[in-house]
Amino acid sequence: MAETSITACGLFFYPWKREKHRGLTCSYLWFAGASSLMRPTAFVLWLPLYLYHLWREKHYFSIIKNTFLIGCVILATLLSCDSYFYGHWVFTPYNFFLFNWRSDIGAFYGQHNFLWYFTTGLPVVLGVHFIPFLMGLSIPYLRHQFFLIFWVIIIFSFLSHKEFRFLLPVLPLALIICSAVMNEISSNKMAVFKWKISKVINICMVYVYY
């Protein structure tokens, strides 16, 4: 989906470290704004990232200024395009909010329990990558990625209607975790990870047969 692709680009430009993309620290805001206006639920993912960026940087006023300018450009583009095709002025994110959150009309298409994303959604979306994903829980430097994924899933879980495709925006983060795990496996820590692999497989077997 386009939202997932744009999110992946934004995560690439996001300054996870201060020295990364020096001079382009706000470039990710273009992708964050575009994905959020394309599908407002993407705002759930970008909000903690943006707040963390503000908290970490010294020149936060410059970030706020860039956010305002970028937001105005993206918002003007959205309003112009949507209003042109609808034939009248319309703000589609507001209509999205009314349809999906306030009225909860999506429940008409099916409802699932609160834990569905954890027990069914995420394992199905990740497939065979679910095992290295679980192994990543033991790697300290991946805590930010895990926090974002679980944050998004918990917020989405409050909606009664759930679908696999709603998890696609967190797929890039999950694959980052999986790649880090595979890198650890190929390093000198192979012996430790062999033990962790067997432990995770046993947990998965218990989960499946339970």
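Reader: What volume does the second largest cavity have?
Author: The model is a predicted one, and its spaces are computed from the atoms. By the rule used, a cavity is a set of points where a 1.4 Å probe fits but cannot get out. For the second largest cavity the volume is about 70 Å³.

Reader: Which helices each supply at least two residues of the lining of the second largest cavity?
Author: The lining includes Glu 3, Thr 7, Val 44, Leu 45, Val 152 and Phe 156. Helix α1 spans 2-13 and α8 spans 143-157. The helices that each supply at least two lining residues are α1, α3 and α8.

Reader: How many charged residues are in the lining of the second largest cavity?
Author: Asp, Glu, Lys and Arg count as charged. Among the lining residues are Glu 3, Arg 39 and Arg 165. The lining divides into 7 nonpolar and 2 polar residues, and the charged ones number 3.

Reader: Which residue forms a salt bridge with Glu 3?
Author: A salt bridge needs a side-chain nitrogen of Lys or Arg within 4 Å of a carboxyl oxygen of Asp or Glu. The closest N and O atoms of the pair are 3.9 Å apart. The pair links distant parts of the chain, with Glu 3 in helix α1 and its partner in the loop between α2 and α3, 36 residues apart. That partner is Arg 39.

Reader: Is Glu 3 buried or exposed?
Author: Glu 3 is one of the residues that line the second largest cavity. Its relative accessibility is 5%, and the buried class takes residues under 20%. Glu 3 therefore counts as buried.

Reader: Which helix gives the most to the lining of the largest pocket?
Author: The largest pocket holds about 400 Å³ of space and is lined by 15 residues. Helices α2 (28-38), α3 (43-56) and α4 (60-86) each supply at least two of the lining residues. With 6 residues, the helix that gives the most is α2.

Reader: How many nonpolar residues does the lining of the largest pocket have?
Author: Ala 32, Gly 33, Ser 36, Phe 43 and Thr 67 lie nearest the centre of the pocket. Ala and Phe count as nonpolar, whereas Gly is among the polar residues. The lining has no charged residues and 4 polar ones, and its nonpolar residues number 11.

Reader: What accessible area do the residues of the nonpolar surface patch have together?
Author: The patch is formed by Phe 43, Leu 47, Leu 51, Phe 147 and Trp 151. Helices α3 and α8 each supply at least two of its residues, and α3 gives the most, with 3. Phe 43, in helix α3, has 47% relative accessibility and so counts as partly exposed. Together the patch residues have about 470 Å².

Reader: Which helix holds both Trp 116 and Leu 122?
Author: Trp 116 counts as buried because its relative accessibility is 10%, and Leu 122 counts as buried because its value is 4%. The C-alpha atoms of Trp 116 and Phe 164 are separated by 10.0 Å. Leu 122 and Ile 149 are 27 residues apart in sequence and 10.0 Å apart in space, C-alpha to C-alpha. Both Trp 116 and Leu 122 lie in α6.

Reader: How many helices are in the chain?
Author: The chain has 210 residues, and buried residues make up 40% of them. There are 0 strands. The number of helices is 10.

Technical notes: Residues numbered from 1 in each chain as written. Predicted model: local features only at pLDDT ≥ 70, side-chain atom pairs only at ≥ 80, totals over all residues. Heavy atoms only, no water. 1 Å grid on protein atoms, 1.4 Å probe; cavity = no way out; pocket = protein on both sides within 12 Å on 5 of 7 lines; lining within 4 Å. Points joined across faces, edges and corners; volume = space filled by probe spheres on them. Helix = DSSP H or I, 4+ residues; strand = E, 2+ residues; numbered from the N terminus. Patch = residues over 30% accessible without salt bridge, like charges linked within 9 Å, V, L, I, M, F, W, Y side chains within 5 Å. Areas by Shrake-Rupley, 256 points an atom, 1.4 Å probe, with all protein chains shown as cover. Buried < 20%, exposed > 50% of the residue type's maximum accessible area, 1.4 Å probe, protein only.
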